[in-house]
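Hi,

Here is the structure I promised to pass on. Please open it first, then read my notes below.

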Amino acid sequence: QARLVESGGGLVQAGGSLKLSCAASGSTLDTRSIGWYRQAPGKERELVATISHSGTAYYEHSMQGRYTISRDNDKNTVYLELSSLKPEDTAVYYCTVATVEGRPLGSWGQGTQVIVSS
């Protein structure tokens, strides 16, 4: 089973951008749908977006417009670009194998922390 590792988080000012990576090892991702999720302090983990094995993207309604999910199957990596960041985007971001509807199927890794300062 693929092991997914998130990276690319950090501290950024409001209005800034980040590109998160979800890199797989142990197995290829090219036949799997992948989801990005986030968990803000004191809140439950929530779906951000999913991408099908063929590259079709699906976004949670409130995430549309500022988030872009993509994948590079040659690099066995899925990306999440965050733009026009707001303090409320502060969260730990996770990726996992998922259905395109957003139901997580895999285990959770450590995630990558995004902190947006105002």
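Asp-89 is buried, with a relative accessible area of 1%. Keep in mind that this is a predicted model. The side chain of Asp-89 forms a salt bridge with Arg-66, at 2.7 Å from N to O. Asp-89 sits in the loop between strand 8 and strand 9, and Arg-66 in the loop between strand 6 and strand 7, so this pair ties together parts 23 residues apart in sequence. Arg-66 also counts as buried, at 19% relative accessibility.

Asp-89 has another partner, Arg-38, in a salt bridge of 3.1 Å, N to O. Here the link runs from strand 4, which holds Arg-38, to the loop with Asp-89, 51 residues apart. Arg-38 is buried at 11%. The side chain of Arg-38 also meets Glu-46, at 2.7 Å from N to O. Glu-46 is partly exposed, with a relative accessible area of 33%. The count is three salt bridges. Through shared partners, they join Arg-38, Glu-46, Arg-66 and Asp-89 into one network.

Next, the disulfide. There is one. Cys-22 and Cys-95 form it, with their sulfur atoms 2.1 Å apart. Cys-22 lies in strand 3 and Cys-95 in strand 9, so the bond ties together parts 73 residues apart in sequence. The link is right-handed, with 85° about the S-S bond. Cys-22 is buried at 0% relative accessibility, and Cys-95 is buried at 1%.

Last, the core. The largest nonpolar core has 27 residues, and Leu-4, Ile-34, Trp-36, Leu-80 and Tyr-93 touch the most other members. Strands that each supply at least two of its residues include strand 3, strand 4 and strand 9.

Best wishes

Definitions and conventions: Residues numbered from 1 in each chain as written. Predicted model: local features only at pLDDT ≥ 70, side-chain atom pairs only at ≥ 80, totals over all residues. Heavy atoms only, no water. Core = buried A, V, L, I, M, F, W, Y, C linked by side-chain atoms within 4.5 Å. Buried < 20%, exposed > 50% of the residue type's maximum accessible area, 1.4 Å probe, protein only. Helix = DSSP H or I, 4+ residues; strand = E, 2+ residues; numbered from the N terminus. Disulfide = S-S within 2.5 Å. Salt bridge = Lys/Arg side-chain N within 4 Å of Asp/Glu carboxyl O.
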